[in-house]
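Thanks, everyone, for making the time this morning.

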Amino acid sequence: MTRENLLALLSGVLFGAGLAISGMIDPARVRAFLDVTGNWDPTLAFVMGGALLPMAIAWQILKRSPKTLASNSFPSTSNVDWRLISGAAIFGIGWGIGGICPGPGVAALAVQPMSALLFVLAMAVGMRIHSLIFPARSASRA
Amino acid sequence: MPGFPQAAPVEGLVGGLLIGLAAAIMLLGNGRIAGVSGLFARALGISPGQTPRQLALAFIIGLPIGAGLVELVVGVNANFPAPAYLLIAGAIVGFGTQLGSGCTSGHGICGLSRLSKRSIFATLTFMSAGVITVTMMRLLGLSP
């Protein structure tokens with residue numbers, strides 16, 4: 001295994017562990033965060049805060065060492081278009097219905113295999129439908 | 001937490017720091033965004049992209065390994081919706097994240113921490129849509 005793939009695996013393991021420890025792997029807890037006028041559970045805000053801190057530092061480190069990773073082009077930050085907004089709105093509706101976003105859905109394959117598999121398969125179908133409707137779209141993710 | 005007995009701020013913060021550390025490793029070690037929807041689509045060969053498929057697959061396989069380890073050591077609570085909700089939600093999430101180029105991890109963590117205008121708009125949009133959806137479902141008496 002290459003160094004790159006090993007780092008990606010390590011990142012995935014830590015990411016999945018973080019989702020499980022934080023409670024974000026529990027769809028009921030995520031839906032409780034979105035239920036602001038109901039029995040609100042603010043936990044997700046703490047997760048976001050905790051995750052943003054190391055990443056804000058990481059972007060600063062990256063900025064100060066442009067040579068090492070200069071070969072990679074990161075996604076555009078400025079082009080707000082209808083695809084971004086309608087895609088995010090559609091994603092938000094699906095997120096609200098199930099309380100599951102892609103990370104917890106995949107991570108939960110080890111915790112609630114049958115439920116998570118149904119979600120993940122349906123997610124792959126939804127992604128495939130997108131690629132059939134917009135075949136020419138090149139990848140500029142996140 | 002006062003006023004919110006069901007909240008788990010410490011676990012949330014610790015888990016969140018781990019997620020951020022994981023994304024930082026992906027960024028500084030590999031020069032990649034730890035966006036799960038994009039890496040998942042890339043790993044399955046659904047979307048084209050500059051990220052090598054093997055690298056995307058390695059990250060995606062790591063997710064259940066990490067969650068499984070936590071389940072083994074301390075146990076994990078996960079209350080999943082009924083199958084019909086899973087299928088509908090999954091398909092909508094898959095389509096939306098591809099159209100919007102990211103999800104909670106790519107836009108919400110990697111993009112926001114970079115102060116990306118696109119990610120700020122995307123995160124505000126999917127958070128609002130999620131709040132409206134959950135609220136409407138509660139008012140309609142739909143509980144997954």
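What you see is a predicted model, in which local features need pLDDT of at least 70 and side-chain atom pairs count only at pLDDT 80 or more, while totals for chains, interfaces and linings use all residues. Residues are numbered from 1 along each chain as its sequence is written, and chains are lettered from A and ligands numbered from 1 in the order in which they are written.

First, the two chains. Chain A has six helices and zero strands, where helices (H or I, at least four residues) and strands (E, at least two) are DSSP runs numbered from the N terminus. Chain B likewise comes to six helices and zero strands. Of the 142 residues in chain A, 55% count as buried, and for chain B the figure is 64% of 144 residues. Along the principal axes, the C-alpha atoms of chain A fill a box of roughly 50 × 35 × 35 Å, and those of chain B fill one of roughly 45 × 35 × 30 Å.

As for contacts, I count two residues as being in contact if their C-beta atoms, placed from the backbone, lie within 7 Å. Among contacts in chain A between residues at least 6 apart in sequence, 43% join residues at least 24 apart, and in chain B residues 24 or more positions apart account for 42% of the contacts with a separation of 6 or more.

Now to the place where the chains meet. The contact takes 106 residues from chain A and 110 residues from chain B. On the side of chain A that touches chain B, the largest share, 18 residues, comes from α1(A). That side divides into 66 nonpolar, 32 polar and eight charged residues, where Ala, Val, Leu, Ile, Met, Phe, Trp, Tyr, Cys and Pro count as nonpolar, Asp, Glu, Lys and Arg as charged, and the others, Gly among them, as polar.

Gly12(A) is placed in helix α1 of chain A, and Gly12(A) is buried because 30 other C-beta atoms lie within 10 Å. Leaving aside its neighbours within four places in sequence, Gly12(A) is in contact with residues of chain B including Ala58(B), Phe59(B), Ile60(B) and Gly66(B).

Which residues of the largest nonpolar core touch the most other members? A nonpolar core is a set of buried Ala, Val, Leu, Ile, Met, Phe, Trp, Tyr and Cys residues joined through C-beta atoms within 7 Å. Of the 95 residues in the largest one, Ile25(A), Ala107(A), Ala22(B), Ala23(B) and Ala67(B) touch the most other members. Helix α1 of chain B, residues 9-30, gives the most to this core, with 11 residues. Ala23(B), with neighbours within four places set aside, is in contact with Ala51(A), Met55(A), Ala34(B), Ile109(B) and Cys110(B).

Axes are lines fitted to C-alpha atoms, for helices over the stretch in contact, and angles run from 0 to 180 degrees between N-to-C directions. The axes of α3(A) and α1(B) come within 7 Å and cross at roughly 30°, and α3(A) and α1(B) are therefore roughly parallel to each other, given that angles under 35 degrees count as roughly parallel, over 145 as roughly antiparallel, 65 to 115 as roughly perpendicular and the rest as oblique. By class, the contact of α3(A) with α1(B) has 21 nonpolar, seven polar and no charged residues.

The second pair lies in chain B, where the axes of α5(B) and α6(B) come within 9 Å and cross at roughly 125°, so α5(B) and α6(B) are oblique to each other. The contact is made by His107(B), Gly108(B) and Gly111(B) of α5(B) and by Arg118(B), Ser119(B), Ala122(B) and Thr123(B) of α6(B).

Finally, helix α5 of chain B, residues 104-111, is mostly covered, with eight of its eight residues buried. What covers the buried residues of α5(B) includes α3 and α5 of chain A together with α1, α2 and α6 of chain B.

Note on methods. Buried ≥ 20, exposed ≤ 12 C-beta atoms within 10 Å, placed from the backbone.
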